[in-house]
Amino acid sequence: MNINDLYAVILDRKENPTTSSYTTSLFKAGQDEICKKVGEEAIEVIIAAKGQGKQRLVEEVSDLTYHVLVLMAQNQVTPDDILGELEKRHR
Ligand SMILES: N=c1c2ncn([C@@H]3O[C@H](COP(=O)(O)OP(=O)(O)OP(=O)(O)O)[C@@H](O)[C@H]3O)c2ncn1[C@@H]1O[C@H](COP(=O)(O)O)[C@@H](O)[C@H]1O
C-alpha cells in the first residue's frame with residue numbers, strides 16, 4: 001500500500017462511515033480530536049527517536065503518517081497538494 005492508496009481508503013471512510021472503523025470514529029470526533037492525536041503521535045515519534053530502536057521509530061512514524069493523512073482528509077488537503085508544495089521548494 002502506498003500513501004495515495006491509504007489516503008483513498010481514509011477518504012472512503014469519511015464519505016462512507018462504517019461502525020467498526022477507527023478512521024470513521026476520528027472523523028466523527030472532529031478536528032480538535034484529530035489534531036490532538038497528531039500531537040500525541042508526534043510526541044511518540046520524538047520519544048522513539050531517543051533510543052527505542054529503529055523498529056519502534058518505524059511504528060511511531062507510521063502512526064503519525066496515518067493520523068496526518070486523516071487530518072489532511074478532514075481539511076480537503078490531498079497528498080498531491082503536499083507533493084506540489086515540496087516540488088515548489090525543491091532546488
Ligand atoms: N494505518 C492505519 C492506522 N495506523 C494507526 N491506526 C490506529 O491508530 C490508533 C493509534 O492510537 P494510539 O497509539 O494512541 O492507541 P490507542 O490507545 O488504541 O488509541 P486511542 O484510544 O488513544 O485513540 C490505533 O487504534 C491504531 O489502530 C490506524 N488505523 C487505521 N489505519 C488504516 O486506515 C485504513 C482504514 O482503517 P479502519 O479505520 O480500521 O477502517 C486501513 O487501511 C488501516 O490499515
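**View 1. H3 passes H4 in a left-handed crossing.** Left-handed means that the near helix is turned anticlockwise from the far one by less than a right angle; clockwise would be right-handed. This is a predicted model: local features need pLDDT of at least 70, side-chain atom pairs count only at pLDDT 80 or more, and totals for chains, interfaces and linings use all residues. Residues are numbered from 1 along each chain as its sequence is written. The axes of H3 (residues 31–49) and H4 come within 9 Å and cross at roughly 160 degrees. H3 is therefore roughly antiparallel to H4, a term for angles over 145 degrees. Axes are lines fitted to C-alpha atoms, for helices over the stretch in contact, and angles run from 0 to 180 degrees between N-to-C directions.

**View 2. The contact of H3 with H4 has 13 nonpolar, three polar and six charged residues.** From H3 come Ile 34, Val 38 and Val 45, among others. H4 brings residues including Leu 57, Leu 64 and Leu 71. Two residues are in contact if their C-beta atoms, placed from the backbone, lie within 7 Å. Asp, Glu, Lys and Arg count as charged; Ala, Val, Leu, Ile, Met, Phe, Trp, Tyr, Cys and Pro count as nonpolar; the others, Gly among them, are polar.

**View 3. Gln 76 sits in the loop between H4 and H5 (79–89).** Its phi is near 55 degrees, a positive value in a residue other than glycine. Gln 76 is exposed, because 8 other C-beta atoms lie within 10 Å. Exposed means 12 or fewer such atoms, buried 20 or more, and partly exposed in between, with C-beta atoms placed from the backbone.

**View 4. The protein chain has five helices and zero strands.** Helices (H or I, at least four residues) and strands (E, at least two) are DSSP runs, numbered from the N terminus. The C-alpha atoms fill a box of roughly 40 × 35 × 25 Å, taken along the principal axes. Of the 91 residues, 13% count as buried.

Notes:
Angles under 35 degrees count as roughly parallel, over 145 as roughly antiparallel, 65 to 115 as roughly perpendicular and the rest as oblique.
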